[in-house]
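Here's a quick look at the packing inside this chain, with the voids and the core taken in turn. Have the model open while you read.

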Amino acid sequence: MKRNIQIEALDQIPLEKQRIELVERKCLGHPDSIADGIAESISQALCKAYLDEFGFVLHHNTDQGEVVAGESAPKFGGGKMIRPIYVLLDGRATRQFNGITIPTDAVAVEAAHTYIHKILPELNLNRDVIVDCRLGIGSTDLRDVFKPSQGKAPRSNDTSFGVGHAPFSEVETIIRNSADFIDLKLRKKYPAIGQDIKIMGLRDRDTITLTVACAIVDKYCADIREYQEYMVLLNEQITAVAKKSTKRKVVVHVNTADDIKKKSVFLTVTGTSAEMGDDGSVGRGNRCNGLITPNRPMSMEATSGKNPINHIGKIYNLLSSQIARECVTKVDGIEEMYVRLLSQIGKPIDYPLVASIQVLPKCGVVLKEINAEVLEIVDDQLANVTSVTEKVIEGKLRTF
């Protein structure tokens, strides 16, 4: 059966030539990202538990989690937690199959603790976090849709859609690179730099302004003078990373809410604002490409925590981005590409109701010249949609 793949040419101003562009990333220690990370770690742990016991994954969705802020008293040189952070784990997971019981709550709690410790090593799991597991079981009809399909593509659990685009703009690239640089390199050298970071990018014509909020861990920062030195360091380092990806003017502002005279600054005990005053929810932060991009089409689905077998809110968002990237990489002449995949509940996920492909050709390129190449890539990606599932379970695809 032929797939319904519709390819059309866009006639619009390329994003890089539009006057205003906004891009945001909530980094790993932001409360919303903590919630996303916990949800995804639980889904991966459940997948592995099901595979170990049965050889296939059972129905689950853990994309309904909350992080409720605790209370802390940070101070230079080292403060203390006063009231623990509360983490609610909810959603659905299959507990019994063929007379065998899977300890889903225990799996979820262990996965949550492991993830929290990995992301927030300064947090004392024995006293500073309460993890409350309230996993239920799925509705009968959705569990029926989820049943193994004997070599065929799974049937969609929902009538929903996924969205992706490529290539990244300069601002999108800068924000992803800056976040990765801080998380993977800079913090190892300067542990005072906390995990709770938000980077907001504005491009106004040829000026890129990055507004950065970065938590500082109090026990690694002796006084207000050292705090200010970290602000200068962050400004210099982020500016250097940004300039590797653009020739435009770059302006960086760090912790603009600080009042240095009053010593009212973004100082934390654990590296996250979740320790006091800032809550988090799954799906309220980054999309599956790691960014929030109001200049681009976006899905409001929470990608993290949804099952990777037949949940369109996860699979089609990841696949849409993958299709767009591959087309832009392999097909010459594409300025921008936007992909939307729409499912119907109960229908095979490799045959969406429509695969809508929008191509903005480069100057001098006509869509019909590249249409066949794009069509072939999209069709092949859909035929191999289950490869997304494998990558998700193995932790090879980011979901936030």
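What volume does the second largest cavity have? It comes to about 70 Å³, in what is, keep in mind, a predicted model.

## The second largest cavity

This void is lined by 14 residues, and Ile 38, Ala 39, Gly 65, Leu 88 and Leu 89 sit closest to its centre. The elements giving two or more residues to that lining are α1, β4 (66-68) and β7. Sorted by class, the lining has 10 nonpolar, two polar and two charged residues.

## The nonpolar core

Ile 38 and Leu 89 turn up again in the largest nonpolar core, where they join Tyr 50 and Val 87 as the residues with the most contacts inside it. That core has 40 residues. Two or more residues each come from α1 (31-54), β7 (85-93), α2 (104-119) and β10 (129-136), and α1 gives the most, with 10.

Val 87 is a handy one to click on. Leaving out residues up to four places away in sequence, Val 87 touches Ile 38, Glu 66, Ile 116, Val 129, Ile 130, Val 131 and Asp 132.

## The largest cavity

There are four cavities of 30 Å³ or more, and the largest holds about 110 Å³ of space. Its lining counts 14 residues, with Val 163, Arg 287, Asn 289, Ser 299 and Asn 317 closest to the centre.

Here β11 (161-166) and α6 (312-330) are the elements that give two or more residues, and β11 has the largest share with three. By class, the lining of the largest cavity splits into four nonpolar, eight polar and two charged residues.

Note on methods. Residues are numbered from 1 along each chain as its sequence is written. This is a predicted model: local features need pLDDT of at least 70, side-chain atom pairs count only at pLDDT 80 or more; totals for chains, interfaces and linings use all residues. Side-chain values use heavy atoms; hydrogens and water are left out. A nonpolar core is a set of buried Ala, Val, Leu, Ile, Met, Phe, Trp, Tyr and Cys residues joined through side-chain atoms within 4.5 Å. Buried means under 20% relative accessible area, exposed over 50%, partly exposed in between (1.4 Å probe, protein chains only). Helices (H or I, at least four residues) and strands (E, at least two) are DSSP runs, numbered from the N terminus. Contact means heavy atoms within 4.5 Å. On a 1 Å grid over the protein atoms alone, a cavity is a set of points where a 1.4 Å probe fits but cannot get out, and a pocket is an open set with protein on both sides within 12 Å along at least five of seven lines; lining residues have an atom within 4 Å of a point. Grid points are joined across faces, edges and corners, and a volume is the space filled by probe spheres set on the points. Ala, Val, Leu, Ile, Met, Phe, Trp, Tyr, Cys and Pro count as nonpolar, Asp, Glu, Lys and Arg as charged, and the others, Gly among them, as polar.
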